[in-house]
Amino acid sequence: MINRWEVNETNKMIEQENLDVRTITIGISLLDCIDSDLKKLNENIYNKITTVAKDLVSVGTTIENEFGIPIVNKRISVTPIALVGGAACKTSEDFATIADTLDAAAKAVGVNLIGGYSALVSKGMTKADELLIRSIPMALCRTERVCSSVNLASTKTGINMDGVRLMGEILLELAELSKDRDSVDCMKLVVFCNAPDDNPFMAGAFHGVTEADAIINVGVSGPGVVKTALEQVRGESFEVLCETIKKTAFKVTRVGQLVAQEASRLLGIPFGIIDLSLAPTPAIGDSVADCLCEIGLEFAGAPGTTAALALLNDQVKKGGVMASSYVGGLSGAFIPVSEDQGMINAVEAGAITLEKLEAMTCVCSVGLDMIAIPGDTKATTISGIIADEMALGMVNQKTTAARLIPVIGKGVGDTVEFGGLFGYAPIMPVNQYSCADFVNRKGRIPAPIHSFKN
Amino acid sequence: MEKRADKTIITVVGKDTVGIIAKVCTYLSENEINVLDISQTIVQDFFNMMMIADFKKATKSFDQVSKDLEQLGDEIGVNIKCQKEEIFNKMHRI
């Protein structure tokens, strides 16, 4: 039988160490909503989302109350809209009406974000893909809760450099459109290499075409719990360090598994995956950077950071895998800058640079995340940064991403406030040398030799 | 709901005072909630109790009991929390 110490340990994690379930995300296929009439298509989409996800928020609240565990976000991901809207949308404006519909549906069911305003163009762009990508700035600017992602590369297909070049321009256009609000709309847009079909985390969540009609994916969290556990093993060997992280990750993930199963049962929607990510928030103590410091670094970004992060990421997975029946999504430590107070401190101290963050993305999940850069950064430079990140993912056969925020009218030394869970970020310097001639070449970078496994 | 074991863990934490257990147990008995196990300790005037209760025949919903106990806790000056047993089993048992 459960004893008092175990109960106290769990409740201490929840009350003092920010243990929570970061998100319950329902993935909804919109393939059966396709119609060549735009009005009908929008109606179908609205009806499907508001039917499938109508109980999501109330079920989330029930689970929170029954187990005493906070569930921070309830969200929805949908089939990439470029696929759904291809038959009906003749212009970018047509696509943007679907964003309006998604926004309205999200508000109707009470979720805070809806992902899937997306295009998968890792090898080439269809006309619909391009129309959707060109509609992203207007779509994200006039909606509140819609998130967008574009898959630009994969290990199997190489990097679509035409897409990479276009996304540099689109990002700046989006930044310009929301410049009166510190270009904040850019945080709703992310580009990927090897984007997973079942990621529950925003802004990159979409419901892949390989998925069932509807599915529940859950993202757990817990950097604060890991950090507290690591405080008990200061100065101990790597073996002790790794075992401690594994045990903690196991416990954190089990809570996610329980929540996912309950949500699945109460909603009558199958359970998909648990995403084993250490996802930080700006709350003090809920920081991946602080975990790295606890492992033995003065600041995140110091020499040894990549190794420490590799260790942390791997042990979180090893502990988490056994705790869940299915894992997927991004599964790894997130290292966003603005959403992690320890990371912000490192930037402000000058301990970490964009290049070091790039190196860190080789060994953990995702990539250059929530990084504010000067608003006068050239589109080709942004494309160059994206191309580098895509290359890391392509060659290392992992997911990488870039979510950059060029803040129009601000430069290095300024700070930008995103609000709430998104935190704030000091603007980071970008390498000033040009890569325009590289980025302006047409076509794509071929897939690497080790992708030919057949 | 039928399949679920309805064991709930009730934790009471706060400054020790006369009659904490009595008040909690009176409330539970009034609502047909059976206490299966109690474990309690006092460290430096700090009261810490864990109770395993069976809600099978409870006359009120889990939500209502949870709210009532929270309010009762506020009256006595302690923190009372109700959580379904599964979260602890999942986390601490393989």
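Helices (H or I, at least four residues) and strands (E, at least two) are DSSP runs, numbered from the N terminus. The model shown is predicted: local features need pLDDT of at least 70, side-chain atom pairs count only at pLDDT 80 or more, and totals for chains, interfaces and linings use all residues. Residues are numbered from 1 along each chain as its sequence is written, while chains are lettered from A and ligands numbered from 1 in the order in which they are written.

**View 1. Helix H7 of chain A, residues 161-177.** From first C-alpha to last, the 17 residues of this helix reach 24 Å. That is close to the expected 24 Å, where the expected span is 1.5 Å times one less than the number of residues. Buried here means that 20 or more other C-beta atoms lie within 10 Å of a residue's own (exposed: 12 or fewer; partly exposed: in between; C-beta atoms are placed from the backbone). H7(A) is largely enclosed by the rest of the structure, because 12 of its 17 residues are buried. Among them are Met161(A), Arg165(A), Leu171(A) and Ala175(A).

**View 2. Strand E1 of chain A, residues 21-28, and its two partners.** Strands pair if DSSP finds at least two bridges between them. With E7(A) (residues 214-220), E1(A) forms seven bridges in the antiparallel sense; look for Ile26(A) bridged to Ile216(A). With E2(A) (residues 71-78), the pairing is parallel, again over seven bridges, and Val21(A) has Ile71(A) as its bridge partner. Eight of the eight residues of E1(A) are buried, so this strand is largely enclosed by the rest of the structure.

**View 3. Where chain A meets chain B.** Chain A brings 18 residues to the contact and chain B brings 19, counting residues whose C-beta atoms, placed from the backbone, lie within 7 Å. On the chain A side, helices H1 (4-16), H3 (56-67) and H9 (238-267) each give two or more residues.

View 4. Most residues other than glycine have a negative phi, and most peptide bonds are trans. Met202(A) and Ala203(A), however, are joined by a cis peptide bond, with omega about 10°; Ala203(A) sits in the loop between E6 (189-193) and E7 of chain A. Ser331(A) has a positive phi near 45° and lies in the loop between H11 (305-323) and H12 (341-348) of chain A. Ser331(A) is buried, with 24 other C-beta atoms within 10 Å. In chain B, Glu32(B) has a positive phi of about 60°, and this residue is partly exposed, with 13 other C-beta atoms within 10 Å.

How values were computed: Two residues are in contact if their C-beta atoms, placed from the backbone, lie within 7 Å.
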